[in-house]
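Look at the chain and its ligand below.

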Amino acid sequence: MTAEPFTSEFWRELPEWMGYHREHDPVRAVTLPRVGMGAYLVTRHADVDIALRGPDYLKDPRNIEDIREERGLPGLPFPRKELHTELDDQMSNNDPPTHSRKRGLAHKAFRVRDVETLRPWVRELVESMLDKTLAAPECEFLADFAFPFPMVVIGRLIGVPDADFEPYRELANTMIEHQRGPAVDKARAGMKAFLRDLIQRRREQPENDLLSALIEAEEEGERLTESELVAMLNLLLLAGHETTQNLITNGLLAFIDHPEQYELLRADPSLLHTATEELLRWVSPFAHTQRFTKSDVKLSGCPVSAGEPMVVSIVSANRDPAVFDEPESFLVDREPNPHIAFGRGIHFCLGASLARIEIQEFLSALIERVEKIELTVDRDTLTWRPGVFMRSLSELPVRLVRSAR
Ligand code: HEM
């Protein structure tokens, strides 16, 4: 296994790479790109489970700065400054008690409206967007459908007015696409101003949307501060969008690679639920997440000292033969399917129910309309974006053949 972790080649070879490491090198030392820092990549399901749920693992890099100093380790290259900015001090980067307080308030806001009531509206949206995509004989599926669909869902749920949608989309797009550099700095400043303005307008005139509920949410006299609201919106907009986009794009590729499974699903739509779970397992779009060791630990017998960054491989855990029969087979009727694509423990995905609705309604609309899915380029020319966390195809040019029904 020669691919350097987190490069485009690594993502292309992912199943083989992970299979080898689960067996031979389950806690492998890697270098994080960009920051150039060492970390441990954890690939076995049992170890991933411990890292996601165990008390010895933290998320907030600020909470291990003292440990690193005590141990004479160099300071972390990224956290202190970045996490103090409004956009980044999100609950997904916090540990208890800060995490528990913010998560409690977010949960309350989500509960105000039963997510299931969004299903008919998501269905309508998926149908109209898919019909538009199908109007052309060929399309670039990522740009034409997989990117805008979840973006519109999360934007509307939060309460981004339709008129503000384009500027918001441009800012978010620049932030996702480029990650660093002057264009990103400009986009981040723009996003902050945009979110602050949105919050201000909702304070003056509440609506029946998630943002108004977040502003109102109160628990034991606590509310989210203005800065916390900005960070929460930024988290929801990005988390609610990029993962689903990658699931849908890589999911379509899974059906291209396994046309018999697409046929099976078309022939028996009662498999929509198991097919959704299998896509989540197979793709695992939030492929890796990050933790830091709080104490000296051992995983699969490998010692890791306190204060070290870990890359926890959800995507590898979801292919671990210790947990799944035939893990390298894509089976739309797989049951049981105890995948952990939405994570585990206190950071378990807040949007899991919404994501499931989006995927189910997408699949349902797709099998109704599309008989055959074909790549319009050679399979070997597809590329994955380099990066640590997300499993993202750069593009997916396809021909969607409409069904006669
Ligand atoms: C296929 C779609 C999705 C997948 C695979 C996914 C996956 C995940 C995973 C693995 C985590 C936990 C990361 C960790 O433990 O470090 C997570 C957290 C989170 N997700 Fe999702 N997600 C998806 C869609 C969504 C959507 C639609 C939303 C928005 C409503 C959302 C909002 C969040 C938030 C807010 C967190 C942070 C929770 C916390 O730190 O307490 N996700 N997601």
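Helix α9 passes α13 in a right-handed crossing. Helices here are DSSP runs of H or I with at least four residues, strands are runs of E with at least two, and both are numbered from the N terminus. The model is predicted: local features need pLDDT of at least 70, side-chain atom pairs count only at pLDDT 80 or more, and totals for chains, interfaces and linings use all residues. Residues are numbered from 1 along each chain as its sequence is written.

Two packed helices are described by the angle between their axes and the distance between the axes. For α9 (residues 148-158) and α13, the angle is about 155 degrees and the axes lie 8 Å apart. Axes are lines fitted to C-alpha atoms over the stretch in contact, and angles run from 0 to 180 degrees between N-to-C directions. The two helices, α9 and α13, are therefore roughly antiparallel (an angle over 145 degrees).

Which residues in α9 meet α13? They are P150, M151, I154 and I158. Their partners in α13 include L233, L236 and G240. Contact means C-beta atoms, placed from the backbone, within 7 Å.

The chain has 17 helices and ten strands. Its C-alpha trace spans about 70 × 60 × 40 Å along the principal axes.

Now find the ligand. Of the 25 residues around the ligand, G240, T289, G343, C349 and G351 come nearest. A residue counts as near if its C-beta atom, placed from the backbone, lies within 6 Å. Helix α13 gives the most to this shell, with seven residues.

Key: Angles under 35 degrees count as roughly parallel, over 145 as roughly antiparallel, 65 to 115 as roughly perpendicular and the rest as oblique. A crossing is left-handed if the near helix is turned anticlockwise from the far one by less than a right angle, and right-handed if clockwise. Two residues are in contact if their C-beta atoms, placed from the backbone, lie within 7 Å.
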